[in-house]
Amino acid sequence: VSEFRQNPATKEWVIVAPERAKRPDQFARAGERKPKPAFDKDCPFCRGNEAKTPPEVYRIDRDGDWGVRVVPNKFAALHPTQEPERVRENLYLKVQGFGVAEVVIETPEHHQTLATMAVPAVRDVLMAYLQRYHELAKDDRLDLITIFRNHGERAGTSLEHPHSQIIATPIVPINLRHQIERAQRYSDDHGLCVYCTILLQEQSLEARIVVESRHFIAFEPHASRSPFETWIMPHRHASVFGQITPHEIDDLALVLRMVLAKLYYGIKDPDYNYVTHSAPVDEEGVEYFHNFTEAHNPGGL
Ligand SMILES: [Zn+2]
Ligand SMILES: [Zn+2]
C-alpha cells in the first residue's frame with residue numbers, strides 16, 4: 001500500500017509506494033559498464049596529462065606521486081574575478097556570475113571510483129574538500145560552499161575520470177534557504193535541532209541505518225524522495241561542512257566508502273549524485289541547522 005510521508009525537517013510530503021519499488025538490478029544502467037583503462041591518453045585528469053588542466057590550486061601527494069589534485073573548473077559558468085555587485089534595473093535585480101568552481105580529481109587512475117579506492121585515498125579526497133572549504137570560506141564575497149559528486153551519465157557527468165566538484169557562490173539557492181528556514185522554525189518551536197532529533201530517532205529505530213561509526217551515521221530517511229536516498233550525518237551537531245575536524249574526516253572516509261561500496265557491489269554500480277547540505281558560511285555554529293551529505297539516485301528526484 002502506498003502512503004504519503006512527511007520529512008519532519010522540511011515539512012515536504014513525498015509518496016512512498018512499496019509495490020512500485022524497483023528490484024535492485026533495475027538500477028544498473030542499460031548495458032554493462034565497459035571496463036575502463038587505468039590510463040586514457042585523451043583524459044585531462046589522468047596521470048601524465050596534468051598540463052591539460054589549469055594549474056592546480058591544491059594537491060595531496062601519495063606514494064611519490066600526486067594522489068588528489070584540485071583545479072579550477074574551466075567549463076563553469078561562474079568566474080572568480082567578477083565582483084558580486086547587485087544591479088537593479090526597474091523591478092529586476094541581478095548579480096554578475098561571480099563565484100568559484102573547482103574540480104577535485106580524486107585519483108590519478110582513470111578506472112577507479114571512490115567505492116573501489118582504499119580508505120586512506122578516500123580520506124585524501126575528503127581532506128581536499130575540507131581544505132578547500134576553509135580556503136574559500138575566507139573570501140567574504142562568498143556565502144555558500146557546496147561540494148557534490150555526479151557518478152555516471154544519468155547523474156550528469158561527461159568526464160568518466162573520478163572527480164567531484166566544489167561550487168562557492170554569493171547566492172543561497174531557494175531550496176536550501178527554505179530547508180534552513182524550516183529547521184530554524186523547528187528550533188524556535190522546540191528548542192532543538194530537528195536533525196539531531198531525527199538522528200536520535202533513527203538510532204533508536206535502527207530500521208533504516210546503513211552503517212554507523214563513532215562519528216557518523218548513514219541512514220535512509222523515512223520520507224525518501226528517491227530510491228537509495230541516504231543521509232550521512234555527523235553525530236556532533238555542526239551547521240557547516242567546514243566544522244568537521246580532520247580526525248572526524250578519517251571516520252567519514254570509512255562511512256562514505258562503505259555507503260558507496262554497497263551501491264557499487266550491491267546494486268551494480270548505479271548512477272548517483274551526492275551533495276553536501278551545509279549552512280551558509282556566515283551561519284557556521286548556529287543551533288538550528290545540522291550539515292549532512294545526501295546521496296541519491298538521479299532519476300528519483
Ligand atoms: Zn582519466
Ligand atoms: Zn543538530
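## The zinc site

Along the chain, the donors of the zinc ion (ligand 2) follow the spacing C-x2-C-x40-H-x52-H. Keep in mind that this is a predicted model.

- Four residues coordinate the zinc ion (ligand 2): Cys-193 (SG), Cys-196 (SG), His-237 (ND1) and His-290 (ND1), at 2.0 to 2.4 Å.
- The site of the zinc ion (ligand 2) is tetrahedral, with angles of 106 to 115 degrees among its 4 donor atoms.
- For reference, the ideal angle for four tetrahedral donors is 109.5 degrees.

- β12 pairs with β14 in the antiparallel sense over 3 bridges, and Thr-230 stands opposite Ala-295 in β14.
- β13 also pairs with β14 in the antiparallel sense, over 5 bridges, with Thr-276 opposite Thr-293 in β14.

**Salt bridges**

- Side chains of opposite charge can pair when their charged atoms come close.
- How many salt bridges does a search of the whole structure find? The search finds 19.
- One of them joins the side chains of Arg-62 and Asp-124 (2.8 Å, N to O). Arg-62 lies in strand β3 (residues 58–62) and Asp-124 in helix α1 (residues 119–137), so this pair ties together parts that are 62 residues apart in sequence.
- Within that pair, Arg-62 is partly exposed at 30% relative accessible area, while Asp-124 is buried at 7%.
- Arg-123 and Asp-250 meet through their side chains in another salt bridge (2.2 Å, N to O). This pair links distant parts of the chain, with Arg-123 in helix α1 and Asp-250 in helix α4, 127 residues apart.
- Arg-123 is partly exposed, with a relative accessible area of 27%, and Asp-250 is partly exposed too, at 33%.
- Asp-139 forms a salt bridge with Arg-141, with their closest N and O atoms 2.9 Å apart.
- Glu-56, Arg-59, Asp-61 and Arg-69 are linked in a network of salt bridges.

**A nonpolar patch on the surface**

- Phe-4, Trp-13 and Ile-15 form this patch, with about 400 Å² of accessible area together.
- Phe-4 lies in strand β1 (residues 3–6) and is exposed, with a relative accessible area of 60%.

Notes:
Residues numbered from 1 in each chain as written. Chains lettered and ligands numbered in written order. Predicted model: local features only at pLDDT ≥ 70, side-chain atom pairs only at ≥ 80, totals over all residues. Heavy atoms only, no water. Donors = N, O, S within 2.8 Å, 3.2 Å for Na, K, Ca; no water. Tetrahedral: all angles 85-135°; square planar, octahedral: opposite > 155°, others 65-115°. Patch = residues over 30% accessible without salt bridge, like charges linked within 9 Å, V, L, I, M, F, W, Y side chains within 5 Å. Areas by Shrake-Rupley, 256 points an atom, 1.4 Å probe, with all protein chains shown as cover. Salt bridge = Lys/Arg side-chain N within 4 Å of Asp/Glu carboxyl O. Helix = DSSP H or I, 4+ residues; strand = E, 2+ residues; numbered from the N terminus. Buried < 20%, exposed > 50% of the residue type's maximum accessible area, 1.4 Å probe, protein only. Pairing = 2+ DSSP bridges.
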